[in-house]
Amino acid sequence: MLGGQRHPKDINWALCVFDDVIEHSPQHSLNYAAQFAEPMVAGLEHPDYEIRQAASYGIGQMAAKGAGNYTEVCTAALPKLYSLIQAEGSRLAPASAATDNAIATLVRLAQAGDCGLTEAALVPDLCSWMPLTEDEEEMAFVMGYFMDLIAASSPLIADAALMLKIVMAMCSVVGEEDLLPLEDETGARVAQFLQMYLTQGDKNVVEQVRAYIAQDAEMSERIQALMAA
């Protein structure tokens, strides 16, 4: 099902099956690694966005659940993930669905810390890629990562320019039902943070964020309702 001459739908289906095996039974997945590891990495460059999306997700699960057993695969995937994200048209639908997964996968690789990517190296790029636009699950994961950095007063986001990008991205998506609903645990965390930061945060950052919000009537309405809650 993963041969190069297979129909894209067959390749995507097979990758999704292995994604589930890696995610839910990572130790068991090692029995099949010889069958899916190389096609998973190759899938990051496939012209079909659904295959790129499935491959990105699988690499992310290798990093998150693989306990170091997939370090070589993740290392091989690293430059291809960057190329996927930076490709022309990568932020336009439907390609943006694969891009969202690739961005979240880089966070998982950096957190795993065993493929040469550090969080310090990733965070500036990550901030510049915000917000995600398609995948609610990955949006919650990435925003949760930012919230963890904020809660820990991490020096990784001490720079005001990075915080500006993070807060603007949060304002873009918080309360959007198909991206970061307030009922979601991460959505609630982001909302609580914004309620605090937009009244007590860095004045220069807050001024720029408020100017950004004012440019979009729908965003302005959402944030006003959030601040009034």
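Predicted model: local features only at pLDDT ≥ 70, side-chain atom pairs only at ≥ 80, totals over all residues.
## The pocket and its lining

Which residues are the closest to the centre of the largest pocket? Of the 13 lining residues, they are Ile-150, Ile-157, Ala-158, Met-163 and Tyr-197.

## Helices around the pocket

Now look at which elements supply the lining. Two or more residues of the lining come from each of helix H9 (160–173) and helix H10 (185–200). Which element gives the largest share of the lining? That is H10, with three residues.

## Two cysteines, no bond

Next, let's turn to the cysteines. A disulfide is a covalent bond between the sulfur atoms of two cysteines. How many disulfides does the structure hold? The count is zero.

Take Cys-74 as an example: the nearest cysteine sulfur belongs to Cys-115 and lies 5.9 Å away, and Cys-74 is in no disulfide. To count as a disulfide, the two sulfur atoms would have to be within 2.5 Å.

Are these cysteines buried or exposed? Cys-74 counts as buried because its relative accessibility is 2%. Cys-115 has a relative accessibility of 7%, so this residue counts as buried too. The cut-off for buried is under 20%.

Notes: Residues numbered from 1 in each chain as written. Heavy atoms only, no water. Buried < 20%, exposed > 50% of the residue type's maximum accessible area, 1.4 Å probe, protein only. 1 Å grid on protein atoms, 1.4 Å probe; cavity = no way out; pocket = protein on both sides within 12 Å on 5 of 7 lines; lining within 4 Å. Helix = DSSP H or I, 4+ residues; strand = E, 2+ residues; numbered from the N terminus.
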